[in-house]
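Please work through each task before reading its solution.

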Amino acid sequence: MNQLIAPYGGTLVSLIDPAKIDALKQEALSLPSLDLDWQQQCELEMLMTGAYSPLTRFMTRAQCARVDTERQLDDGTFWPLPVTLASRQQAAAELKPGERIALRDGEGFMLAVLTVSEVWDVNGTWHLGGAVEGVALPPHPDFVGLRATPVELRALFAKRGWRRVVAWQARQPMHRAQFEFCLKSAIENEANLLLHPQAGGDITDAPAYFGLVRSFLAIRERFPAASTQLSLLPAPPREASARALYLRAIVARNYGCGLLIAGGEHQPDGDCRRGEDLAQHDGDLPVAELADTIGVKLIAYPRMVYVEDRAEHLPESEAPAGARLLTLSGDEFRRRMQAGLKIPDWYSFPEVLSGLHQQSPPRERQGFTVFFTGLSGSGKSTLARALTARLMEMGGRRVTLLDGDIVRRHLSSELGFSKAHRDINVRRIGFVASEITKNRGIAICAPIAPYYQTRRDVRAMVEAAGGFVEIHVATPIETCESRDRKGLYAKARAGLIPEFTGVSDPYEVPENPELAIDTTSIGIDEAVQQILLKLEHEGYLR
């Protein structure tokens with residue numbers, strides 16, 4: 001009788017022993033703790049549940065080196081990528097071999113105890129290797145009914161009589177081409193289908209997975225209920241590569257799937273990464289051969305096109321000669337979504353698009369941040385106040401002014417003006433702006449923000465929630481000094497104010513701001529009009 005495919009290595013690992021939980025919790029009261037971010041929690045969850053079977057621990061440096069060079073575990077089993085607990089916390093750097101440490105989430109919830117075997121530094125990140133004794137899986141308050149461990153999913157497959165399962169793992173929503181290919185793959189391989197979106201994320205730090213999951217909930221209703229299962233995969237994000245694909249194949253097998261669809265997701269360049277691109281090799285790695293070693297059949301996702309005459313998606317190689325073929329790039333899809341333009345019916349389903357519009361509405365309904373940066377006296381605070389007034393006059397959305405002086409008075413009153421404290425102040429402004437943006441308001445910020453890396457980090461923080469428009473108020477320092485009503489520049493040049501931007505501390509000029517304005521020769525009204533036109537051009541205003 002055909003059975004469900006065995007776990008990779010033969011045995012499904014579980015690092016949570018119910019008999020030890022109480023003792024570990026008691027011991028943890030006297031142990032140092034390491035708080036894990038959401039990506040570290042994902043890696044720990046995959047290890048503890050057996051998704052990474054046959055791994056039973058985080059790897060040491062020597063084990064990582066062997067995986068990198070020979071693609072093998074200590075016993076010779078094929079393994080594609082190192083798995084360690086990576087941390088930038090100083091507490092991780094101070095650990096010694098043999099120490100035991102409690103691993104907790106950000107709220108202090110006890111997850112596991114790690115017995116440290118080794119600690120080493122790679123480009124400023126500390127990697128921990130060692131044995132893991134699990135206490136509990138990371139708590140997930142969201143989509144509770146869609147979360148199943150390998151043991152639970154295998155039990156469900158067995159109960160439903162499934163013996164052959166094909167997995168579709170994705171970090172992007174599924175549209176019609178992927179839907180039709182997955183359905184066809186399951187039918188042709190006489191297999192059931194596991195929709196297994198990689199939904200590792202955090203409700204505050206990386207909330208985009210909510211839209212991903214809602215899109216799968218919407219499209220699930222179009223698949224045959226008797227032969228399709230939806231479950232979330234708490235895998236941490238990894239860069240696309242052949243080695244990452246092998247790890248996905250191992251994970252698929254541990255969840256009970258003997259087939260895995262490879263490819264089918266849009267990349268930042270707008271192209272759709274096709275499984276057939278991997279063909280037989282990816283660099284020096286024989287893809288098909290190593291997939292056979294893992295024991296999972298890879299189904300290569302081809303270049304799909306919509307054949308208008310037949311009203312269906314087909315691999316381009318199977319399209320009839322002379323037929324009218326339609327495609328829509330990932331870049332064009334995103335552009336249309338942001339602009340609120342129509343998405344062709346042949347490309348996606350209305351219920352999927354509706355969910356995506358809720359998560360990422362068109363730009364005129366998104367929140368956004370206007371981030372002014374420039375020297376003291378450049379005019380950025382005046383511009384920020386004038387822009388705020390104009391936007392409030394226009395109405396439609398709430399506008400919040402986060403002027404540097406206002407923030408220092410209400411949010412950063414304990415900070416001084418050292419380089420470190422100025423950096424903290426700007427990052428606090430960025431965080432508040434990201435929260436306003438996330439809730440579809442408009443944040444207007446006007447700090448000096450002299451450092452490139454800090455501005456870049458603030459941009460990343462805000463763009464995870466909505467739009468970000470950087471405006472460099474590029475007024476020359478000579479003009480700024482001539483406007484110096486508080487005499488700050490004079491005091492700085494006399495040495496009375498240390499680390500003063502533009503005098504004794506550098507101002508790193510923005511390389512690619514959305515807009516640069518020199519207020520030397522233009523008035524406030526003209527400058528504000530330039531900003532409003534830019535916001536209209538970018539689609540934030542109508």
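Two strands pair if DSSP finds at least two bridges between them; helices (H or I, at least four residues) and strands (E, at least two) are DSSP runs, numbered from the N terminus. The model is a predicted one, in which local features need pLDDT of at least 70 and side-chain atom pairs count only at pLDDT 80 or more, while totals for chains, interfaces and linings use all residues. Residues are numbered from 1 along each chain as its sequence is written, and side-chain values use heavy atoms, with hydrogens and water left out.

**Exercise 1. Describe the open sheet of five strands and the helices that pack on it.**

Step 1. The strand order is β19-β20-β18-β21-β22, with parallel pairing. The edges are held by β19 (399-403) and β22 (515-517); each has a single partner strand, so one side of each lacks a neighbour in the sheet. From one strand to the next, the twist averages 15°. Angles run from 0 to 180 degrees between N-to-C directions, with axes as lines fitted to C-alpha atoms, for helices over the stretch in contact.

Step 2. Strand β19 is joined to the parallel strand β20 (residues 442-446) by five bridges. Within this pair, I442 in β20 is the residue opposite V399.

Step 3. Helix α16 (residues 452-463) packs on the sheet through β18 (368-373) and β21 (467-473), where touching, or contact, means heavy atoms within 4.5 Å. The direction of α16 makes about 150° with that of β21. Helix α19 (residues 524-537) lies across β18, β21 and β22, and runs at about 175° to β22.

**Exercise 2. Is P450 buried or exposed, and which residues does P450 touch?**

Step 1. P450 is placed in the loop between β20 and α16.

Step 2. Buried means under 20% relative accessible area, exposed over 50%, and partly exposed in between (1.4 Å probe, protein chains only). P450 has 6% relative accessibility and therefore counts as buried.

Step 3. Beyond residues up to four places away in sequence, P450 touches R422, R455, T501, P506, Y507 and E508. Of these contacts, T501 is 51 residues from P450 in sequence, with a C-alpha to C-alpha distance of 7.2 Å.
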